[in-house]
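Let's walk through this one together, with a few questions to guide the eye.

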Amino acid sequence: MNSLATLLPFIVLIGAMILMTRSAKKKQQAAVDMRNQMQPGSGVRTIGGMYATVKEVSEDTVLLDAGPGVELLFAKNSIGAVLSDDEYNRIVHGIEHDLKADADSVPDDASSLAETDAPVDAAPSEAKSVDLGKKDAAEEPAEAKRDEEPKRTDGDADAK
């Protein structure tokens, strides 16, 4: 009974190690499958965060088209993700997928949902803005200018 109690932590540790290695192998295999589905014309993101279009795929390398006249040769394992066409166009070109054809339209504000005849104020009248910028030298008080003296930075400020 005593020997079973001493072996139980080791058995649990070995079981946890087996489960972790299986999980890592599954993730690694998923990454390999993702890289194998690359075809010319696919949009990709590198592990460095660069977005490009696949131009050619070889055994270990990928030729990427990063812009007009810019072709880059990357190792195949440096591709972080193969993106769908919609996602690539949204990120790189700013083209949004037409969601209105897929779902009902949702208003941008709640004013169209209210059934009142009263007009809604578009903007508050004469709201005073707060200036968070630095003041110009012309706006500083005259006393502040007289009190300021150039600071000495040579280390011998008041030594004689």
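Q: Over how many bridges do E2 and E3 pair?
A: This is a predicted model, where local features need pLDDT of at least 70, side-chain atom pairs count only at pLDDT 80 or more, and totals for chains, interfaces and linings use all residues. Residues are numbered from 1 along each chain as its sequence is written, and side-chain values use heavy atoms, leaving out hydrogens and water. Strands (E, at least two residues) and helices (H or I, at least four) are DSSP runs numbered from the N terminus, and two strands pair if DSSP finds at least two bridges between them. E2 and E3 run antiparallel, and their bridges number 4.

Q: What is the strand order of the open sheet?
A: The sheet has 5 strands with antiparallel pairing. E4 (70-75) and E5 (79-83) are the edge strands, each pairing on one side only. Reading across, the order is E4-E3-E2-E1-E5.

Q: Which residues make up the largest nonpolar core?
A: Such a core is a set of buried (under 20% relative accessible area, 1.4 Å probe, protein chains only) Ala, Val, Leu, Ile, Met, Phe, Trp, Tyr and Cys residues joined through side-chain atoms within 4.5 Å. The 7 members are Met-38, Val-44, Ala-52, Val-54, Val-62, Leu-64 and Ile-79.

Q: Where does H1 bend?
A: The bend is the angle between axes fitted to the seven residues ending at a residue and the seven starting there. For H1 that comes to about 30 degrees, with Pro-9 following within four residues, and the spot is Leu-8.

Key:
Buried < 20%, exposed > 50% of the residue type's maximum accessible area, 1.4 Å probe, protein only.
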